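This report looks at how parts of a protein structure meet, and at the spaces left between them. The sequence and the structure come next.

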Amino acid sequence: MGALAHYLESEGIPTTQISLIREHTETIRPPRALWVSFELGRPLGAPGNPALQRRVLMAALQLLDAPEGPLLVDFPEEAPEDALDDDRGLEGWSCPVSFAPEMRQETDLERLRSAFNREVAELLPWYDLNLERHDRTAVVEFSPDAASELLGSFAAGEQPVMTKADLSLSTALRLAAQDLKSFYFEAVTARPGSAAPSSGEFSRWFWQETTAGRILKAVKERCLKETDKSLRKTGALLLIPLDQT
Amino acid sequence: MVELNRMPEPMRSHLVKLPCPSFNSQPWVPGKPLASRRISLISTAGLQRRGDRPFEGMTGDYRVISGEIKARDLVMTHISTNFDRTGFQQDWNIVFPLDRLRELEVEGIIGSVAVYHYSFMGATDPAEMESAARNLAALLKGDGVDGALLVPV
């Protein structure tokens, strides 16, 4: 991020930036940077909190009025959700959906896949409802059905049927995995009685309590055994977050 | 939250190892007061218009995002799994604060919002981004931009 600012400023464009990793910004020394203490993925602070977003935005833009630099300024506030996480303690967000808990230890891939398909089918109406309500989804390339078919068949050792001719298998698996996770979030938060979980709560639930998480781990295992280099890289780095492996 | 020394492994090592150059020079371009500047958003969240090419790797390329875009048409195809996406799912302003920028324009706090905004995919080696970034500067000038706000993810 800081390097981009350096290149643009060198070409005559005044820049200011938000910094998420202070140590990187200290090394790169871009012209103007506002360090925020928010988690990765949330540079403006918190979703649905326009007042906080505005304060962050203003603090970053006002650096353009500074007479000299380089400047690295700390934003004084933390995201309200960090406090929420602490308050909830170990109990955490409780998901209103409980999926076949016996599947968490299941190693038979066909049984796992059947349970996965049931899970997807159960969530699908809520995803549709959410889409109708908000007219927006983060799903990009693979509908829930297409994502679960591609990932389920690959996990089960089948030759997957590629429906997107312009994507390599490794890219398709990565995008399908992201789309599946987006679908789960949108569906599960649309169910009555379910407030939006924090990012950590959702991640814990998705990776530790759903069959989808198990299927993605099986996809990763197969990727690691493939001869294709991009599939091995996808399996090693691009399917499962580092803190869930 | 994201001070490296407070971050648990293995994320800490992963972030420490990301390519991070240092430069001998510190460029600085002075400019007009904020209230007369034209602002463009430059994200590294791997954002793209729905239907545009997804980001595929660390090649330093970028996507163009029209200022007319609606939230439903902006999607994220960053390759990393190591940051939160549920914030973006709930509110695009969390990574692409176009609504907030428009409000500042209406209130006269900034001069105007640019016609075009851009997104790279972060975690790319900055050396790979350099030529694209230098070309981008010419496009920004063409759009009259004299304030680029860079937003990481």
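In this predicted model, Phe206(A), Trp207(A) and Glu209(A) of helix H8(A) are in contact with Thr211(A), Ala212(A), Gly213(A), Leu216(A) and Lys217(A) of helix H9(A). Sorted by class, the residues of this contact are four nonpolar, two polar and two charged. H8(A) covers residues 199–209 and H9(A) covers residues 211–225. The axes of H8(A) and H9(A) come within 5 Å and cross at roughly 65°. Angles from 65 to 115 degrees count as roughly perpendicular, so H8(A) is roughly perpendicular to H9(A).

In chain A, the elements that give two or more residues to the lining are helix H1 (2–10), strand S1 (15–19), helix H2 (22–28) and helix H10 (229–238). In chain B, they are helix H1 (11–16) and helix H4 (126–142).

The model also has three cavities of 30 Å³ or more. Residues from chain A that line the largest cavity are Ala138(A), Val140(A), Leu175(A), Gln178(A), Asp179(A) and Ser182(A). From chain B come Met76(B), Thr77(B), Arg85(B), Phe88(B) and Gln89(B). Helix H7 (169–190) of chain A and helix H2 (86–90) of chain B each supply at least two residues of this lining. The largest share, four residues, comes from H7(A).

The table sets out the volume and the lining classes of the two spaces.

| Space | Volume | Lining residues by class |
|---|---|---|
| Second largest pocket | about 800 Å³ | 23 nonpolar, 13 polar, one charged |
| Largest cavity | about 110 Å³ | five nonpolar, four polar, two charged |

Two details of the backbone of chain A remain. Which kind of peptide bond joins Gly69(A) and Pro70(A)? The bond is cis, with omega about 5°. Pro70(A) belongs to the loop between helix H3 (50–62) and strand S3 (71–74) of chain A.

The other detail concerns Arg29(A), which is not a glycine but has a positive phi of about 50°. Arg29(A) sits in the loop between H2 and strand S2 (32–35) of chain A. H2 of chain A, which spans 22–28, is also one of the elements that give two or more residues to the lining of the second largest pocket.

Conventions. Residues are numbered from 1 along each chain as its sequence is written. Chains are lettered from A and ligands numbered from 1 in the order in which they are written. This is a predicted model: local features need pLDDT of at least 70, side-chain atom pairs count only at pLDDT 80 or more; totals for chains, interfaces and linings use all residues. Side-chain values use heavy atoms; hydrogens and water are left out. On a 1 Å grid over the protein atoms alone, a cavity is a set of points where a 1.4 Å probe fits but cannot get out, and a pocket is an open set with protein on both sides within 12 Å along at least five of seven lines; lining residues have an atom within 4 Å of a point. Grid points are joined across faces, edges and corners, and a volume is the space filled by probe spheres set on the points. Ala, Val, Leu, Ile, Met, Phe, Trp, Tyr, Cys and Pro count as nonpolar, Asp, Glu, Lys and Arg as charged, and the others, Gly among them, as polar. Axes are lines fitted to C-alpha atoms, for helices over the stretch in contact, and angles run from 0 to 180 degrees between N-to-C directions. Angles under 35 degrees count as roughly parallel, over 145 as roughly antiparallel, 65 to 115 as roughly perpendicular and the rest as oblique. Contact means heavy atoms within 4.5 Å.
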